[in-house]
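I set out below what I looked up in this structure, entry by entry. Please read the notes beside the sequence and the model.

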Amino acid sequence: MKYFPEASEEDRAGFLAAAKEFVVEAGPKKMAKLPPVGRIQWQLAAEGRADELIEVLRYDRENPGVHQVKGLRRARVELPGVGLGALPPLVKNLKRSELPVSSRLTDMEWRDGRLVLRGYAYVPNAPAATGKRSVRVAGLRKEGGGGSVPLKLKTVLEPKATRSAPGALHCYDWSGFEITIDPRRLRSRGRWQSGTWFLGIGIPRPGGLSVGRVYRNDAGRGGHSQVQVAESGVRVVAGFEEDCFRLTVDVVPAEIEAHEAARDGVEVTVRSCPKTTGGRTPVELRVSHPGSRTAARYPLESREGSYGDGWARSAAYVPFADLPVDGVRPKKVQNSRVSIVFADGTSRRATVAQSLRTGTYQLPGGREVAAHTDGAGTFFLQTRVVQPVVDRMRWTAQGELSLQGTYPGPEEPLRLVLRHGTRHEEKVLPVEVADGRFSALVAPDAMATYEGTLPLRSGRWYFTFRAAAEWDHANDIPVTLRPDLVGTLPMAHKGQHRRYTVDRRFFNRFFLNSGSALSPQVRGGYRQRQLRETYYPAQQRLPLREAVLYNSFGGKQFSDSPRAVYQEFASRGTDIEHIAVVADQQAVLPAGVRGVAWGSEEWYEALARSRYVVTNVGINDWFTRREGQVVVQTWHGTPLKRIGADLLGTPKANLAYIASLPQRSRQFSLFVSPNAFTTPIMTHAFRLKCEVLESGYPRNDVFHAPEREKTAARVREQLGIPEGKKIVLYAPTWRDDQRYDGKRFKLDQQVDLTAAEAALGEDHVFLYRKHNKVLDSIPGAGQGFVYDVAAYPDIADLYLIADVLITDYSSVLFDFAHSGRPMLFFTYDLEHYRDTLRGFYFDFTERAPGPLLKNSEDLVDAIRNIDSVSARYREKYEQFVKDFCEPSDGRASARVVDRMLEIAAGE
């Protein structure tokens with residue numbers, strides 16, 4: 001089904017016949033279980049309506065899972081631009097379960113005793129509200145029956161709903177809501193009674209009304225429980241059950257009021273309401289540990305006295321020795337649940353009084369016991385490694401985040417580490433620790449890089465302490481916020497080009513969120529579709545400008561052959577504007593080069609109006625080269641691994657992409673080939689319908705540049721490499737089967753870096769250049785032997801300083817061969833990679849210009865004996881250079897620029 005549009009007539013006929021049998025055998029009940037668009041596809045196939053099926057499949061590729069909902073009495077599917085004809089009602093009509101409410105609670109706060117909820121709610125694919133007059137209803141319903149409370153829902157503008165929605169077809173901007181709840185309305189006959197209430201929102205849509213609950217956010221106030229004390233002894237908890245918002249009235253018979261050190265333990269004070277009957281008098285604390293399934297009981301002893309509030313007091317002593325410490329490590333705590341047991345044998349989870357302050361008690365061995373709580377006000381005892389806890393946080397006038405707090409841990413050199421929540425990238429910053437306190441400053445608008453400062457990459461960055469001698473993040477200690485300060489978040493700062501916000505997850509684990517570099521008006525699939533379909537064509541109707549747009553790896557860097565072409569233009573003094581695509585402001589540009597953010601209006605304008613476009617990766621399939629425009633595809637490597645149409649017949653083949661290759665290649669004026677080996681491969685693999693220029697790669701001119709020795713000295717100084725140290729550069733490719741999800745690949749780290757340092761550390765350094773698709777941090781980086789150079793802007797500069805290159809199946813081997821210096825191939829998974837994952841264009845085992853090594857021990861040995869290894873492979877190396885490194889004269893950039901200018905002149 002997926003590749004039916006690309007199938008042959010014979011294969012189509014066979015599929016349609018099989019589809020007819022499948023639908024008959026499946027019957028209406030099984031067909032009804034398919035998603036709506038899937039039902040339509042199979043019905044069209046069963047009826048032999050091939051042309052309409054192709055329309056639907058192509059529509060679904062562009063809008064996966066997205067359609068329109070129409071109808072009066074019955075809701076049905078409609079696909080814009082696709083004629084569905086007379087399909088059976090059971091196929092087109094939508095069930096109630098296929099029209100759910102999609103909702104998110106984005107913010108929640110208690111204000112003057114009332115709870116204010118903000119978020120969004122809509123029915124996916126159904127017509128959305130277009131203004132404040134949206135007709136929606138909201139109410140609270142008590143669990144187990146017992147009544148409901150209607151609520152007023154105010155419609156507000158909330159573009160986040162559109163940005164977060166799947167697909168690009170619908171706008172849900174006016175699906176935002178604001179609801180204010182007065183908890184006094186939950187009383188029964190003027191009295192508080194314990195109970196739980198769930199929030200529901202009803203939304204009109206074709207065929208009826210969809211009703212659904214409201215789901216929590218994954219962070220911030222909209223994702224954490226909050227407590228309001230309605231009156232003495234009554235708590236109202238705004239919280240969640242299975243991620244759905246709920247409001248709980250808790251009439252409290254007893255609660256934890258205080259704690260303090262006592263002998264070798266902690267004394268916990270309970271206050272109880274005297275209005276309770278004798279059977280509800282608290283008599284003991286039960287402390288249980290779910291992990292070990294153990295529990296201990298500690299008697300509560302009355303504390304006589306007049307407290308002035310009408311509540312009685314009692315206290316229990318809990319020895320530290322009774323609390324579990326097994327398994328406690330920096331990222332693993334042991335929580336002990338505390339319950340209050342009453343005289344009648346009943347019990348309840350201990351909750352905290354409004355006046356309680358959390359605190360910690362030090363144990364031997366760098367551990368501590370924390371008297372802790374959470375958003376719902378639950379009290380528990382937590383055994384953990386000593387943690388840094390922030391008690392003062394503010395944005396300075398200079399745009400720095402100032403952190404101060406307590407850390408009674410061991411006195412040793414420490415670093416503050418910011419670790420990205422999804423990319424696992426790290427920023428290491430100084431931290432001052434003295435007399436049990438610490439302080440640090442974070443300047444997110446000016447993070448140091450090799451070529452200057454850049455804003456902190458977008459996303460969430462979490463804070464940890466790391467001992468300076470630690471090899472990796474395994475023993476990092478989380479930095480948390482003092483629990484009574486969580487209400488001060490979010491804490492926002494408007495930087496020079498983006499917004500930074502301190503917020504939290506997991507109650508008091510705070511993070512620094514670096515916002516998008518794009519304006520809100522262009523974010524998300526819906527806005528990008530508007531730009532593609534309206535703004536971009538309008539810009540194409542305007543005159544071309546004498547400008548070059550450079551696109552290197554989608555704006556992740558300003559590097560590779562596009563940068564080399566820029567340098568050639570600059571050396572000629574050509575009167576032309578230079579524009580570079582920059583993703584997330586993560587590239588430092590030379591003076592005189594203007595950056596445009598990927599996905600911005602400026603980016604679309606530059607694509608539409610620049611006379612020249614130079615790219616080393618594919619351009620979106622909606623891009624069309626206009627008359628007079630010169631588009632150069634430099635690509636980014638001589639192919640060892642099979643690509644494009646040459647993957648046909650393998651599980652990796654994407655037939656839809658392959659079918660689009662001829663049209664994509666027609667948008668290129670010129671395709672740059674590095675050598676005679678590559679030219680026929682690229683012509684076939686990419687179905688090229690454009691001119692191919694076998695000029696050599698512009699990026700490899702660096703090996704012939706007159707200033708290459710000066711460049712190498714600068715690079716060594718930038719990296720801080722000690723004088724006299726030999727440099728090993730490790731640049732592996734990514735593994736298709738090693739990924740977190742989608743395009744997020746794992747670091748497949750197989751080099752024993754500890755052993756390598758022991759054997760080589762005296763006179764070598766190890767530069768680790770992971771592929772730009774690979775996430776994760778590099779173990780050992782920053783300890784003097786291993787250098788993480790993934791963020792270095794251009795690998796070509798690293799080639800100039802490397803004495804030895806280690807790679808595997810990466811195309812860097814073809815580039816580095818221009819240097820003539822030794823190469824080693826760490827191919828621990830050769831058979832699997834070659835035979836299962838990708839396949840090669842030639843017998844790598846026979847033609848590799850260096851040894852193929854299976855384990856880390858052999859790799860280290862080869863580095864130590866590199867001279868003898870090089871001598872053994874001298875002839876293979878020379879032949880490899882002849883086969884893959886010609887032309888190689890330092891003039892590839894000049895040849896490309898010459899041809900660009902000729903094409904522009906009509907030659």
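Is Trp 635 buried or exposed? I found a relative accessibility of 16% for Trp 635, so this residue counts as buried (buried is under 20% relative accessible area, exposed over 50% and partly exposed in between, with a 1.4 Å probe and protein chains only).

**Basis.** I worked on a predicted model, in which local features need pLDDT of at least 70 and side-chain atom pairs count only at pLDDT 80 or more, while totals for chains, interfaces and linings use all residues. Residues are numbered from 1 along each chain as its sequence is written, and side-chain values use heavy atoms, with hydrogens and water left out.

**Positive phi.** I noted that phi of Trp 635 is positive, about 55 degrees, although the residue is not a glycine. Trp 635 sits in the loop between strand 43 (630-633) and helix 9 (655-665); helices (H or I, at least four residues) and strands (E, at least two) are DSSP runs numbered from the N terminus. His 424 also has a positive phi, near 65 degrees. I placed His 424 in the loop between strand 27 (414-420) and strand 28 (426-430). With 14% relative accessibility, His 424 counts as buried.

**Cis peptides.** I recorded these entries because most residues other than glycine have a negative phi, and most peptide bonds are trans. The bond between Leu 489 and Pro 490 is cis, with omega about 5 degrees. Pro 490 belongs to the loop between strand 35 and strand 36 (491-494). Glu 886 and Pro 887 are likewise joined by a cis peptide bond, with omega near 5 degrees; Pro 887 is in the loop between helix 19 (874-884) and helix 20 (892-904).

I traced an open sheet of 5 strands in the order 29-30-26-25-35, with mixed pairing (two strands pair if DSSP finds at least two bridges between them). Strand 29 (432-434) and strand 35 (480-481) are at the edges with a single partner strand each, so one side of each has no neighbour in the sheet. Strand 26 (401-406) and strand 30 (437-442) run antiparallel and are joined by 6 bridges. Within strand 30, Phe 438 stands opposite Gly 405.

I found an open sheet of 6 strands, ordered 50-49-46-51-52-53, with parallel pairing. Its edge strands, strand 50 (786-788) and strand 53 (852-853), each pair on one side only. Strand 51 (804-807) pairs with strand 52 (823-826) over 3 bridges in the parallel sense. Thr 807 has Phe 825 of strand 52 as its bridge partner. Helix 17 (856-864) packs on this sheet and touches strand 46 (726-730), strand 49 (764-768), strand 51, strand 52 and strand 53 (contact means heavy atoms within 4.5 Å). The direction of helix 17 makes about 175 degrees with that of strand 52; axes are lines fitted to C-alpha atoms, for helices over the stretch in contact, and angles run from 0 to 180 degrees between N-to-C directions.

**Second largest pocket.** I noted a volume of about 800 Å³ for the second largest pocket. A pocket is an open set of points on a 1 Å grid over the protein atoms alone, where a 1.4 Å probe fits, with protein on both sides within 12 Å along at least five of seven lines; lining residues have an atom within 4 Å of a point. The volume is the space filled by probe spheres set on the points. Of its 34 lining residues, Val 227, Gln 354, Asp 374, Gly 375 and Pro 483 are the closest to the centre. Strand 11 gives the most to this lining, with 5 residues.
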